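Subject: Structure for your review

Dear colleague,

Please find below the structure I am handing over to you, together with its sequence. My notes on what was found in it follow directly after.

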Amino acid sequence: MKAVFAAGGTAGHINPALAIADKMKSLFPETEILFIGTPSGMEARLVAKAGYEFRAVEMAGFQRSLSVKSIMKNAKAMYYYCVSAKMQVRRILKEFQPDIVIGTGGYVTGTVLSQAVALKIKTVTHESNSYPGMATKMLAKKADKVLLATEDAKKHLSCTDRCIVTGNPLRTNIQIEERKAARERLGLPEGFTVLSFGGSLGANRITDAVAALIAWEGKQGGINHIHSYGGNGRERFYSALAECGAQEDKTRHIFRDYIDNMYTCICAADLIISRAGAMTITELTAIGRPAILVPYPNAAENHQYYNALTLSNAGAAVIVEDKELTKELLVQEVSELYADRARLTQMEQNAKNSAKNNAADVIMSEIIDLLGEERFTK
C-alpha cells in the first residue's frame with residue numbers, strides 16, 4: 001500500500017496530514033508514505049521532523065489583489081500550475097505509483113490532486129476550516145471523497161454529494177492532562193488561569209490588550225496567566241506591561257516568545273484568548289476549554305472568522321474581531337466570564353460537546369471504504 005500526502009502553507013494544513021499519516025502507519029505499518037510540498041514552506045521542516053519521506057516541488061499561490069505585483073505573481077503561479085509543477089508532480093506520481101493521494105489544504109493540494117485525478121488515482125481531500133479554501137472548492141467535484149472538519153463548511157460548497165464531516169484529526173502523541181496536574185507540571189499554584197497567544201509571530205493588538213488584562217488580574221489577585229508574545233514581540237509586550245503598570249509575578253506568570261508545550265498549557269487553563277486557526281479550534285474542543293477568539297483579519301477568505309463562528313454558535317466561545325479589540329473590551333469580556341463561573345462551565349461543556357475526538361479513525365474508515373481493506377493488507 002502506498003499513499004501520497006499533499007499539504008502546505010500553514011500548520012493548520014500540515015498537521016492534519018501528519019495526523020492521518022500517523023494513524024495510517026499505526027494501523028498498517030507496511031504502508032509507504034510520501035509527502036509532496038514546496039521546498040521553502042513549513043511542510044519541509046515539519047514532515048522531516050515527523051520522519052516521513054518528502055519530495056519538494058516549486059509552486060506558488062494565487063494573489064487576490066489586482067496590483068501589478070500580484071498580476072506578475074499570478075503569472076508565475078499559473079506557469080507552475082500548468083507547466084513546471086504539473087510535470088514534476090506527474091513524474092513523481094508515476095514513479096511512486098500510489099494507491100491514494102490525500103490533500104489537506106494549501107495550493108499544493110490543488111496541483112497534486114488535480115494530477116492524481118488525471119492519472120485516475122483515488123483521491124481524498126480534507127478541509128480543516130469552516131470556510132473552505134480554494135483548493136477544496138476546486139476539488140469538490142473531482143476528488144473521490146471530500147472530508148470536512150465542520151458541518152458549516154458544507155454551506156460554502158456548491159457540490160456536497162461527496163462531502164463527509166469527519167472533524168480535524170490530532171496527532172497521536174498528544175497527552176490530555178487533568179487541569180490540576182497540568183498546573184503543577186508548569187509550576188503554577190492553584191487559581192483561575194488564563195492562556196493567551198496570537199500565533200508564532202505574535203499579534204500586537206492582542207499583546208497590548210493582554211498587558212492591560214494582566215494589570216487587571218493583578219488587582220484581583222490569585223490569577224495565573226500564561227502568555228506567548230511571539231518571536232518578535234518581547235520588547236513590545238514588556239513595554240506594554242510597564243505602560244499599564246503591571247508587574248510580572250514569576251510565581252503566577254509564564255511569559256514566553258513561543259509555547260512548546262501548548263497542550264499542557266491549554267489543559268492548565270480555565271480560559272483561552274487566541275486567534276481562530278483550524279487546529280487551535282480543534283485543540284480547544286478536544287481538551288474542552290472556553291475561549292475568547294480574535295480571528296486573524298488577513299487570513300485567506302477571512303476563514304478564521306468562520307472557524308470562530310462555529311465555536312461561538314455552539315456556545316463555546318466569544319468572538320472579538322481584531323478591529324474591535326481594545327484593552328477595555330478584553331478586560332470587560334474576561335471580567336464578565338471570571339464573575340460568571342456557571343457560564344464559563346457551560347461554555348467548557350459546550351466545547352467538549354463540539355469535539356470530534358475520533359476524527360483520525362473516521363478519516364481512515366473513509367479511506368479504507370474507498371480503497372478496500374485488502375489494498376492495505378497486500
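A residue is called exposed when its relative accessible area is over 50%, buried when that area is under 20%, and partly exposed in between. By that cut-off Lys120, at 78% relative accessibility, counts as exposed. Please bear in mind throughout that this is a predicted model.

Backbone and loops

Lys120 sits in the loop that runs between helix H4 (107-118) and strand E5 (122-127). Its phi is near 60°, which is a positive value in a residue other than glycine. Asn302 also has a positive phi, near 55°, and is likewise a residue other than glycine. Asn302 belongs to the loop between strand E12 (291-293) and H11.

Leaving aside neighbours within four places in sequence, His303 is in contact with Asn129 and Tyr131.

A further loop, between strand E6 (145-148) and strand E7 (163-165), holds Cys159. Cys159 is buried, with a relative accessible area of 14%. Not counting residues up to four places away in sequence, Cys159 touches Ala140 and Lys141. From Cys159 to Val146 the C-alpha separation is 9.9 Å, and the two are 13 residues apart in sequence.

Helix packing

Two packed helices are described by the angle between their axes and the distance between the axes. Two pairs are reported here in those terms.

How do H1 and H2 lie relative to each other? The axes of helix H1 (residues 11-27) and helix H2 (residues 42-50) come within 10 Å and cross at roughly 25°. Angles under 35 degrees count as roughly parallel, and H1 and H2 are therefore roughly parallel to each other. Their crossing is right-handed. On the H1 side the contact involves Ala11, Ile14, Asn15 and Leu18, and these meet Met42, Glu43, Leu46, Val47 and Ala50 in H2. Sorted by class, the contact of H1 with H2 has 7 nonpolar, 1 polar and 1 charged residues.

The second pair is H12 and H13, which pack at an angle of about 95° with their axes 5 Å apart. That angle makes H12 roughly perpendicular to H13. H12 contributes Glu336, Leu337, Tyr338 and Ala339 to the contact, while H13 contributes Arg341, Arg343, Leu344 and Met347. By class, the contact of H12 with H13 has 5 nonpolar, no polar and 3 charged residues.

In soluble globular proteins, nonpolar side chains tend to be buried together. The largest nonpolar core in this model has 32 residues, and Leu213, Ile292, Leu330 and Val334 touch the most other members. Which elements give two or more residues to this core? They are strand E8 (192-197), helix H7 (204-220), helix H8 (234-244), strand E11 (271-274), helix H12 (327-339) and helix H13 (341-354). The largest share, 9 residues, comes from H7.

Leaving aside neighbours within four places in sequence, Ile292 is in contact with Leu271, Ile272, Ile273, Ser274, Val318, Val320, Leu330, Glu333, Val334 and Leu337. Apart from this core lies another, of 27 residues, among them Ala3, Leu147, Ile368 and Leu370.

Two further residues

Thr285 is placed in helix H10 (residues 278-287). Is Thr285 buried or exposed? Its relative accessibility is 8%, so Thr285 counts as buried. Neighbours within four places in sequence aside, Thr285 is in contact with Leu311, Ala351, Lys352, Ser354 and Ala355.

Met138 has its place in helix H5 (residues 134-139). Met138 is partly exposed, with a relative accessible area of 31%. The C-alpha atoms of Met138 and Leu186 are separated by 45 Å, and these residues are 48 apart along the chain.

Yours sincerely

Conventions
Residues are numbered from 1 along each chain as its sequence is written. This is a predicted model: local features need pLDDT of at least 70, side-chain atom pairs count only at pLDDT 80 or more; totals for chains, interfaces and linings use all residues. Side-chain values use heavy atoms; hydrogens and water are left out. Axes are lines fitted to C-alpha atoms, for helices over the stretch in contact, and angles run from 0 to 180 degrees between N-to-C directions. Helices (H or I, at least four residues) and strands (E, at least two) are DSSP runs, numbered from the N terminus. Angles under 35 degrees count as roughly parallel, over 145 as roughly antiparallel, 65 to 115 as roughly perpendicular and the rest as oblique. A crossing is left-handed if the near helix is turned anticlockwise from the far one by less than a right angle, and right-handed if clockwise. Contact means heavy atoms within 4.5 Å. Ala, Val, Leu, Ile, Met, Phe, Trp, Tyr, Cys and Pro count as nonpolar, Asp, Glu, Lys and Arg as charged, and the others, Gly among them, as polar. A nonpolar core is a set of buried Ala, Val, Leu, Ile, Met, Phe, Trp, Tyr and Cys residues joined through side-chain atoms within 4.5 Å. Buried means under 20% relative accessible area, exposed over 50%, partly exposed in between (1.4 Å probe, protein chains only).
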